[in-house]
Amino acid sequence: MKVGLFLNTQFQPGQSVAAHLPDLVAQTRAARDAGFKSLWFPHHFLTGPLQMLQIVPAMAYLAPHAEGMQIGPNILILPLLNPVQVAEDSATLDVLTGGNYVLGVGLGYRQTEFTAFNMSLKERAPRLEESIALIRRLWTEDKVTHKGRFYQVEDASLCLKPVRAGGPPIWMAGTADAAIQRAARMADAWMIVPSTTLHDLTAQMRVYREALGHRVPDCFPMVRECYVGASHKTALEECRAALQYKYDAYASWGLSGRQTPALEELARNRFIIGDKVSVKEEIARYAEALGVDHFMMRCHWPGLEFDKALASIRRLGEIFS
């Protein structure tokens, strides 16, 4: 069983992002020292007034403090980006991390982002599929010629090849059955998102395992919102405002409707919040029900004090030690 840290790189309006960079370093080091195996970063464009560090420079900035940990996006909105750029960035990050880079990708969903990039949401899936095929070729072939529906490369090669033979693993997020089946077919693992309930995940995992056939994925990773407090009674109250702010933002972006349910309802069978004993029990429940073996925990959200997030990270490390 592995645990990873899903780092928060989002900040409320008016906060000094530069002033909080040492806090991100401290969280990364705390996770590394506590035995966390991976470090993950979110990706979006045009999130204002919510402030957000862009993903590639943020990963490069924090990589030296995460020595030995897998590092990757959770998730890179691949259809918005040119696959040549993604292949180049990924190869560089693979070199910078000593072969520990994982390319986590997904379709995206925000109309604002697709409008800004002059792309149709209806083209997300074919763009993603063509991009993955081209990226893998660029990582492994000396010269590539590709004439696709969206992208073209003419007898060219990357500036830099990845350290890892065959290139970094590609993990893919998805919630619809078609997206889960695509992950089974094209990716090295399916990444479970934090907003899906355990009940729905049970059915989705059946879809995934059936679609895998005889293929063996890298692992069975999932993202959960997780806060480990000193007291089970007070844990939810300590992180309530920050989680509410985060999911209100999601609702405004159109991810979960225009209104966020009450936090208790939202958290039920989705979030893992409590003291070390109850959190350990919840982790075991998810592992038994789904067979997941790599928990990517987001322990910090915009507005939560950094010292509380840091304490939660350290307690979570104690559970997995």
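1. A residue counts as exposed when its relative accessible area is over 50%. Leu46, at 52% relative accessibility, is therefore classed as exposed. This residue belongs to the loop between E3 and E4, and its phi is positive, about 55°, although Leu46 is not a glycine. The model under discussion is a predicted one.

2. Asn118 sits in the loop between helix H4 (111-116) and H5, and its relative accessible area of 72% makes it exposed. As background, most residues other than glycine have a negative phi, and most peptide bonds are trans.

3. The bond from Gly48 to Pro49 is cis, with omega near 10°; Pro49 lies in the loop between E3 and strand E4 (51-52). The bond from Asn74 to Ile75 is likewise cis, with omega near 5°, and Ile75 is part of the loop between E5 and E6.

4. On the overall fold, the protein contains 11 helices and 14 strands. Its radius of gyration is 19 Å, close to the 20 Å given by the globule rule for 321 residues, so the protein is as compact as a globular protein of that length. The C-alpha trace spans about 60 × 45 × 40 Å along the principal axes. Buried residues make up 53% of the 321. Of the contacts with a separation of 6 or more, 73% are between residues 24 or more positions apart.

5. Another parallel pairing links strand E3 (residues 38-41) to E5 through 4 bridges. Here the bridge partner of Leu39 in E5 is Ile71. From strand E5 (residues 70-73), Gln70 and Gly72 point one way while Ile71 and Pro73 point the other way, and all are buried.

6. The largest nonpolar core comprises 80 residues, and those with the most contacts inside it are Phe41, Leu103, Val292, Met297 and Leu316. A second, separate core has 17 residues, among them Tyr227, Tyr247, Leu266 and Ala309. Beyond its neighbours within four places in sequence, Leu103 touches a set of residues that includes Pro73, Leu76, Val86, Ile135, Trp139 and Trp171.

7. The structure holds 14 salt bridges. One of them joins the side chains of Arg185 and Glu129, at 3.1 Å from N to O. This pair connects distant parts of the chain, as Arg185 is in helix H6 (residues 177-186) and Glu129 in helix H5 (residues 124-140), 56 residues apart. Glu129 is partly exposed, with a relative accessible area of 25%, and a network of salt bridges links Glu129, Arg182 and Arg185.

8. Further salt bridges can be listed. The side chains of Glu154 and Lys147 meet at 2.7 Å, N to O, and both Glu154 and Lys147 are exposed. Glu305 forms a salt bridge with Lys308, with 3.7 Å between the closest N and O atoms. Glu305 is partly exposed at a relative accessible area of 39%, and Lys308 is partly exposed at 28%.

9. Asp94, in helix H3 (residues 83-96), is buried yet has no salt bridge; Arg164, the nearest side chain of opposite charge, is 4.5 Å away. A salt bridge requires a side-chain nitrogen of Lys or Arg within 4 Å of a carboxyl oxygen of Asp or Glu. Leaving aside neighbours within four places in sequence, the contacts of Asp94 include Gly99, Asn100, Tyr101 and Arg164. Arg127, in helix H5, counts as buried at 12% relative accessibility. Leaving aside its neighbours within four places in sequence, Arg127 is in contact with Pro79, Met119, Phe150 and Tyr151.

Conventions:
Residues are numbered from 1 along each chain as its sequence is written. This is a predicted model: local features need pLDDT of at least 70, side-chain atom pairs count only at pLDDT 80 or more; totals for chains, interfaces and linings use all residues. Side-chain values use heavy atoms; hydrogens and water are left out. Buried means under 20% relative accessible area, exposed over 50%, partly exposed in between (1.4 Å probe, protein chains only). Helices (H or I, at least four residues) and strands (E, at least two) are DSSP runs, numbered from the N terminus. Two strands pair if DSSP finds at least two bridges between them. Lys and Arg count as positive and Asp and Glu as negative; His and the chain ends are not counted. Contact means heavy atoms within 4.5 Å. A nonpolar core is a set of buried Ala, Val, Leu, Ile, Met, Phe, Trp, Tyr and Cys residues joined through side-chain atoms within 4.5 Å. The radius of gyration is taken over C-alpha atoms; the globule rule is 2.2 Å times the number of residues to the power 0.38.
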